[in-house]
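Good morning, and thank you for coming.

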Amino acid sequence: MRYLPHTPEEIQEMLAVVGAESLDQLFFPIPPACRRQSALELPAPLSEWALDARMDALAARTAVAPQAKVFLGAGSYDHFIPAAVDALAGRSEFLTAYTPYQPEISQGTLQAIYEYQTLACRLMGTEVATASHYDGATALAEALLMAIRKTGHRRVAVSRLVHPHYRQVAATYLHPAGYEIVELPYRPDGTTDLSTVEAEPDLAAVAIQSPNFFGCIEDLAAGAAAAKGVGALLVAGFTEALAYGLLKSPASQGAEIVAGEGQSLGLPRSFGGPGLGMLGTRQAHVRSLPGRLVGKTVDQEGRQGFVLTLATREQHIRRERATSNICTNNSHCALRAVMYMAALGGTGFRELAVLNHDKAAYLKQALAAAGHRVPFTRPIFNEFVVDFGTGFEAVHRRLQDAGIVAGLPLEADYPELAGCYLLCATETASRQDLDLLVKEVSR
Amino acid sequence: MNAPLGTTGLILDEPLLWERGRPGRRGACLPPADVPPSPLDPELCGDGPDFPDLSEVDLVRHFTRLSTWNYGVDTGFYPLGSCTMKYNPKTHERQAALKGFAAAHPLLPASLCQGALQLIWELERDLAAITGMDAVSLQPAAGAHGELAGMLVIHAHHQHQGHQRAKIIIPDTAHGTNPASAALCGYRPVAVASGPEGVLEPAAIEAVMDEETAGIMVTNPNTLGLFETHIREIAAIVHAKGGLVYADGANLNAVMGIVDMAAIGVDVIHLNLHKTFATPHGGGGPGSGPICVRRQLEPYLPVPRVVKDGDQYHLETDRPLSIGRMGSFHGHFGVMVKAYSYIRSMGADGLRRASELAVLNANYLKEKLKQDFHLAYDRPCMHECVFSDRRQAPFKVTTLDMAKRLMDYGFHPPTIYFPLVVHGAIMIEPTETESKEDLDRFVTAMRAIAEEARTEPETVKSAPRYTKVRRLDEVTAARKPCLVG
Ligand SMILES: Cc1ncc(COP(=O)(O)O)c(C=O)c1O
């Protein structure tokens, strides 16, 4: 095996030092009743080239561009990733390091994550941002737990237009400890109905996602006001980080905690993970934050350097009283994100966001012109809902067989929206692709 | 050893990202705007984020220079205890980057993502085989996330039994994530001390286990690198009172093909694919922390589940007893591809051999170093061994000092000050991918440091000297946090 360097002679020499006769004898502390009775049953080992063939064959059995045309967003977005991001992130000095517990030989990771935290703040409008969380859903769940800690209240209100998976994860995280989640309904224009908030007692948080699951841009300022009115914190979620290249940042509209998914920032979709959980807030809340933080400091000679800091919030010090159980996070994903944000720059990021909006707006308009109903009137970013009608299922399946995924059916999560589909268009969809889709769904 | 080997040379300076570049530069192309502009209501628009504008060359230089300040497994020996910093095969990166994996949307209809579903399903079967457990969920994103999932499974089990419990037994050697994960389910951790041999004693468990206790979280081999020899008796005590046994499988690298987790009484175990299964740690993740359970706990596993029906795979979400969803989609699929590649490259014999050599390497270092360093438990170890700074204390040289000095000798330090039960712990996990000559070089460096501690302690106490920065002011960093530039 090419990863195991020991020669038989070396094994013998080392066994002699240890005072064991065989490798098997090294395991004598393990009682016989704890041992396996037989060898592991696994497929025979593959050579490197045989592995390539096996993996090529598996990978060939998923539908991806350019053969397939996939108009899906819903929390995972198709954006072009510059080769420089892959090359830099692939440097093994970054890739094969552990969490930077020893700062003197981890300054590369630490400075890069400090830079990530900074650009993440500039994107979300927050004063601080954590080093990363697993994904948007767990970041949101942790944000809700943080609001519960901050306010001492045990209930949270979550919009029905928060990504259904994110709401499910919030339930997984909150219910066992006895916290309650109430759902906020939505209005006919495709945004959250805040009118029920004032009647809810003891809320820790009001959670709204913008752009929301229907792609509509929410009025976060109204959400912040509603939350404030009942002594709760506005937690603003997002699944499409690129939207904030164009939209007002969540914190600038009054969100106390911002939590979302950064997959759009240079991460491949990779069948849904790893992504990047982003979480930010105001400086005043910093000691309640879950997760790792990198801070700037100086070394004993006065030179600038970076360390993991405020660790007294964390599990390895605080154990069961920690602000979170997270340890390994998604640091390498944050590294990719800072590289991607820097590759585009402020100017490029803005242009890309505008282009995404234009593509989706074009598709939305073209579908409307072809006679399809667009049920929600609120402005969108790069995805939106179309009502193709309840008979559309067969067409959707036929197109699917031809490698075209004409949006995500919403009925499973929103039974009242049978026949409605969530469609996404990013910069990677050409006008030709969009026109083709319109033609195919309108036949 | 006056001229430390391999640690001299060029160290480049590099400013912060936003101190580089000029407005209007561009490091990435945009596709042509082939649709008409459609201005958004200006009321909704912000100014766009204030990111620096860099050219591609600016970008590449910046991050390349930063990377040179890092130390990874590819740089050298990385004996970070409890972290299993084994070599990460290059072919794994190739496999995860295949377009059919990397570009796959997580909500593709099942008929369009059979390859991805098959990989998950097969990896679950492989991990079940390796642990001896019955069912696996690959949803958890890291070890601590697996712990939470496992605790939630136990919580759901007790709920279903009709009586929720309030406490959970956690040994004092446990990793901090254990009590933190248990607390997220509302469980109150009950600490038990390990016995004089460094392992749990059944009597200690018997004394605290009752019908208000949900079970025990036990790391096996434990964080002292010792196999919990009484694990079956302990499991029996816990089971007799209706509790369940949770195993933290962070240390599975010692026992692949050797120990059957089901046979030792484990009900739920999480694994760290980013440790045992050779996926790179990425400077702090992403990892993957699957949980493996016995048959009777399968109904509680997170949704969605990958199900095989004939030769077709699909996702199922309708599991009424499930703890629910753990993450946005299906877990860290990109990491799973690498772990799958590893298992399929190693095969059954290769994995067992990896464990054997991991244990050989650890025992070899233990024997070679125990003259110069105090060994917390002088017993045959598994894949790691724990020393302390007791012998260096008379010279006022601490574990931290020696860890820093190791950097000057070109090595990543071991894990230090963990487990908490060993004062000044130095926890060394060499892993199986290190050759004898690399171990010998490390021994030489450690012995030289022990000698320096006796003869020139200031050299050790003022280390490191050859790194990008020297010791950093962590106190001020925490007191006056500067987290954003
Ligand atoms: C014994 C043990 N348990 C749990 C964990 C947590 O794993 P992770 O960092 O992947 O969350 C670790 C690793 O840090 C560990 O060493």
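Which way do A:I257, A:A259, A:E261, A:V258 and A:G260 point from β7(A), and are they buried or exposed? A:I257, A:A259 and A:E261 point one way and A:V258 and A:G260 the other way, and all are buried. Buried here means under 20% relative accessible area, exposed over 50%, and partly exposed in between, with a 1.4 Å probe and protein chains only.

A word on conventions. This is a predicted model, in which local features need pLDDT of at least 70 and side-chain atom pairs count only at pLDDT 80 or more, while totals for chains, interfaces and linings use all residues. Residues are numbered from 1 along each chain as its sequence is written, chains are lettered from A and ligands numbered from 1 in the order in which they are written, and side-chain values use heavy atoms, without hydrogens and water. Helices (H or I, at least four residues) and strands (E, at least two) are DSSP runs, numbered from the N terminus.

Let us stay with β7(A), residues 257–261. Five of its five residues are buried, so the strand is largely enclosed by the rest of the structure. Two strands pair if DSSP finds at least two bridges between them. Strand β6 of chain A, residues 233–238, runs parallel to β7(A) and is joined to it by four bridges; there, A:G237 stands opposite A:A259. With strand β8 of chain A, residues 277–281, β7(A) pairs in the antiparallel sense over five bridges, and A:V258 has A:G280 as its bridge partner.

I turn now to chain B. Helix α9(B) covers residues 333–369, and its end C-alpha atoms are only 40 Å apart, whereas a straight helix of 37 residues would span 54 Å. The expected span is 1.5 Å times one less than the number of residues. At B:G347, α9(B) bends by about 95°, the angle between axes fitted to the seven residues ending there and the seven starting there. Of the 37 residues of α9(B), 33 are buried, so this helix is largely enclosed by the rest of the structure.

Finally, the ligand. Where does the ligand lie? It lies between chains A and B. Among polar contacts, that is, pairs of N or O atoms within 3.5 Å, a ligand oxygen atom is 2.5 Å from a side-chain N or O atom of A:T328.

How values were computed:
A residue is near a molecule or strand if one of its heavy atoms lies within 4 Å of it. A polar contact is a pair of N or O atoms within 3.5 Å; within protein, one must be able to donate a hydrogen and the other to accept it, and residues adjacent in sequence count only if both atoms are side-chain atoms.
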